[in-house]
Amino acid sequence: MRHRPRPLTEQHVTPESLYLTRRHLISGLLGTGIGLAVGDAHASLPTGAVLHAAHNAAMSVSAPPNSWDDITTYNNYYEFGTDKSDPAQYAGSLRVTPWTVTIGGEADITGPVSLDDLLKPHALEERIYRLRCVEAWSMVIPWVGIPLGEVLRRFKPRSNAKYVRFTTLNDPTQMPGERSSILHWPYTEGLRLDEAMHPLSLLAVGLYGRSLPNQNGAPLRLVVPWKYGFKSIKAIVGIEFVEREPRSAWSQANPKEYGFYANVNPAVDHPRWSQASERHIGGGLFAPRQPTLPFNGYAEQVADLYRGMDLRRQF
Amino acid sequence: MDQLGLWSLRLLLITLCITPLRQLTGWSPLQRFRRMLGLFAFFYVCLHVAMYVAVDQRFNWPELWKDLTQHGWIIVGCVAFVLLIPLAITSTKSAMRQLGRQWQRLHAAIYVATLGGCWHYYWQVKRDVRPPLAYAAMFALLMGWRIIHRWRQAQRLRVPRTH
Ligand code: HEM
């Protein structure tokens with residue numbers, strides 16, 4: 001299943017025009033709530049530096065990706081505010097260059113690494129993944145990134161490293177949302193080492209063949225497509241190999257509602273809403289809800305990681 | 001979805017602003033807007049509920065039933081909604097006339113419904129409770145003003161004026 005980077009040819013890079021052919025209805029109800037359901041006539045084009053990434057079809061879903069607008073204006077990123085539109089509006093204050101990631105904990109190689117050095121040995125690839133938010137909405141997103149496991153292996157984790165802990169930047173001057181204590185800052189997340197090493201786990205640096213917009217987690221974010229979106233931590237400055245299950249921001253905030261594993265599971269409801277189905281963003285007002293799939297449709301690849309576990313208890 | 005719920009609650013609170021505003025400014029034409037605003041609020045709540053039933057849940061009755069029986073915040077929302085129905089029905093001039101003093105008492109249910117709306121909102125929020133608390137504070141302010149106003153009027157009636 002390991003992806004071997006292929007030489008980059010024109011046809012591997014998904015043409016922008018193809019991305020843009022879909023018309024996207026209603027980004028939200030306007031004004032007083034009864035705005036008309038009109039398609040936005042001028043969907044914005046992807047922006048940001050062009051990245052050279054080979055499309056990894058084996059690791060991609062065939063569903064059409066959401067529009068650039070959907071993906072970059074409907075975000076949960078509390079470091080910039082709690083409204084879906086806040087990150088797009090306020091993430092401009094984040095400075096993503098230069099960027100340093102500190103590797104720590106139970107590994108032979110630790111210390112600060114510049115983002116360039118972290119990425120350099122790896123070929124970027126494009127993967128189209130489903131994203132399922134714990135709030136019961138979903139999107140399909142063409143990420144550009146590198147397999148997390150390949151990056152982690154370079155630092156030679158020791159045998160007692162059982163988990164990986166990730167940390168987001170903690171700087172309220174750049175991330176105004178961190179001034180209010182809605183979550184415990186910095187945002188932290190964690191994966192079991194075998195989850196982190198799974199070929200689907202991705203460190204993303206781009207979107208639609210462009211460098212990642214700030215509101216989507218620039219310059220470096222995690223993407224774990226079989227888990228609820230909050231596991232996919234953004235603006236990563238720390239990666240640490242640890243022995244014990246690390247704290248995860250949401251499960252610390254409300255352990256009854258958000259677990260450490262957070263695997264997408266239609267059979268385990270959130271205490272306040274059903275997880276059996278999801279609203280696909282960009283489908284328009286009258287698109288039917290979609291059934292939610294176990295492990296967000298990635299059960300075949302990842303279910304083995306959880307064999308023998310009671311997923312109702314370890315949600 | 002979000003906007004309709006928010007506008008329902010906003011309109012309920014705006015409706016509750018009318019009486020204090022009239023009492024403060026002494027401008028009685030304001031009172032005529034109260035019924036209209038109340039009906040607007042009800043209209044938005046209807047849209048909000050219709051949106052939930054038709055668009056969010058797509059008439060999935062088993063799922064709707066599950067929501068209604070398992071989730072407290074949906075139950076609270078429904079109580080608030082049900083409370084508003086008789087108020088909308090009795091908002092005509094003739095109903096007002098027929099009910100007389102009863103009308104006042106019946107329409108005090110808007111206080112309970114608005115409280116329910118605030119609670120429903122607070123309970124539904126994922127993490128950031130500041131906006132629902134702001135709405136609840138607004139409601140508390142409006143209710144507080146009413147209580148103080150009543151109390152002052154009662155005082156005025158009790159104490160004989162000495163000019
Ligand atoms: C007086 C009655 C009601 C008021 C004032 C009210 C108000 C609100 C408000 C302010 C919100 C938050 C909006 C947001 O997410 O920002 C909300 C959310 C919601 N309400 Fe109501 N509501 C009422 C009745 C109901 C009823 C009867 C139902 C369903 C049976 C309902 C279903 C919902 C749902 C499903 C949400 C969540 C929307 C989402 O997922 O974002 N509401 N409501």
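This is a predicted model: local features need pLDDT of at least 70, side-chain atom pairs count only at pLDDT 80 or more; totals for chains, interfaces and linings use all residues.
Helices, in the sense used here, are DSSP runs of H or I with at least four residues, numbered from the N terminus.

**Overall fold**

Chain B contains 8 helices and 0 strands. Read from the N terminus, its elements follow the order α-α-α-α-α-α-α-α. The C-alpha trace of chain B spans about 70 × 40 × 25 Å along its principal axes. Of the 163 residues in the chain, 39% count as buried. The accessible surface of chain B amounts to about 10,200 Å², and carbon and sulfur atoms account for 68% of that area. When contacts in chain B between residues at least 6 apart in sequence are considered, 64% of them join residues at least 24 apart.

**The loop between α4 and α5**

S91(B) sits in the loop that runs between α4 (72-89) and α5 (93-99) of chain B. With a relative accessibility of 10%, S91(B) falls under the 20% limit and therefore counts as buried. Apart from neighbours within four places in sequence, S91(B) is in contact with R35(B) and L39(B). The C-alpha atom of S91(B) is separated by 9.1 Å from that of M36(B), a residue 55 residues apart from it along the chain.

**A nonpolar surface patch**

M36(B) also belongs to a nonpolar patch on the surface, formed with F33(B), F40(B) and F43(B). Together these four residues have about 380 Å² of accessible area. F43(B) is found in helix α2 (residues 31-56) of chain B. The relative accessibility of F43(B) is 41%, so this residue counts as partly exposed.

**The iron site**

The iron atom of the ligand has two protein donors, the NE2 atoms of H48(B) and H120(B), lying 2.0 Å from it. The site has 6 donor atoms with angles of 85 to 180° among them, and its geometry is octahedral. H48(B) lies in helix α2 of chain B and H120(B) in helix α7 (residues 109-124) of chain B, so the pair ties together parts that are 72 residues apart in sequence. Both histidines count as buried because their relative accessibilities, 18% for H48(B) and 17% for H120(B), are under 20%.

**Accessibility of selected residues**

The residues discussed above are listed here with their accessibility classes.

| Residue | Relative accessibility | Class |
|---|---|---|
| F43(B) | 41% | partly exposed |
| H48(B) | 18% | buried |
| S91(B) | 10% | buried |
| H120(B) | 17% | buried |

Helix α2 thus holds F43(B) of the nonpolar patch as well as the iron donor H48(B).

How values were computed:
Residues are numbered from 1 along each chain as its sequence is written. Chains are lettered from A and ligands numbered from 1 in the order in which they are written. Side-chain values use heavy atoms; hydrogens and water are left out. Patches are made of residues with over 30% relative accessible area and no salt bridge: like charges are joined within 9 Å, nonpolar side chains (Val, Leu, Ile, Met, Phe, Trp, Tyr) within 5 Å. Accessible areas come from the Shrake-Rupley method with a 1.4 Å probe; for residues, only the protein chains shown count as cover. A salt bridge is a side-chain nitrogen of Lys or Arg within 4 Å of a carboxyl oxygen of Asp or Glu. Helices (H or I, at least four residues) and strands (E, at least two) are DSSP runs, numbered from the N terminus. Buried means under 20% relative accessible area, exposed over 50%, partly exposed in between (1.4 Å probe, protein chains only). Donors are N, O and S atoms within 2.8 Å of the metal (3.2 Å for Na, K and Ca); water is not among the atoms, so sites may look incomplete. Four donors count as tetrahedral if all angles lie between 85 and 135 degrees; four count as square planar and six as octahedral if opposite donors are over 155 degrees apart and all others between 65 and 115; anything else is irregular. Contact means heavy atoms within 4.5 Å.
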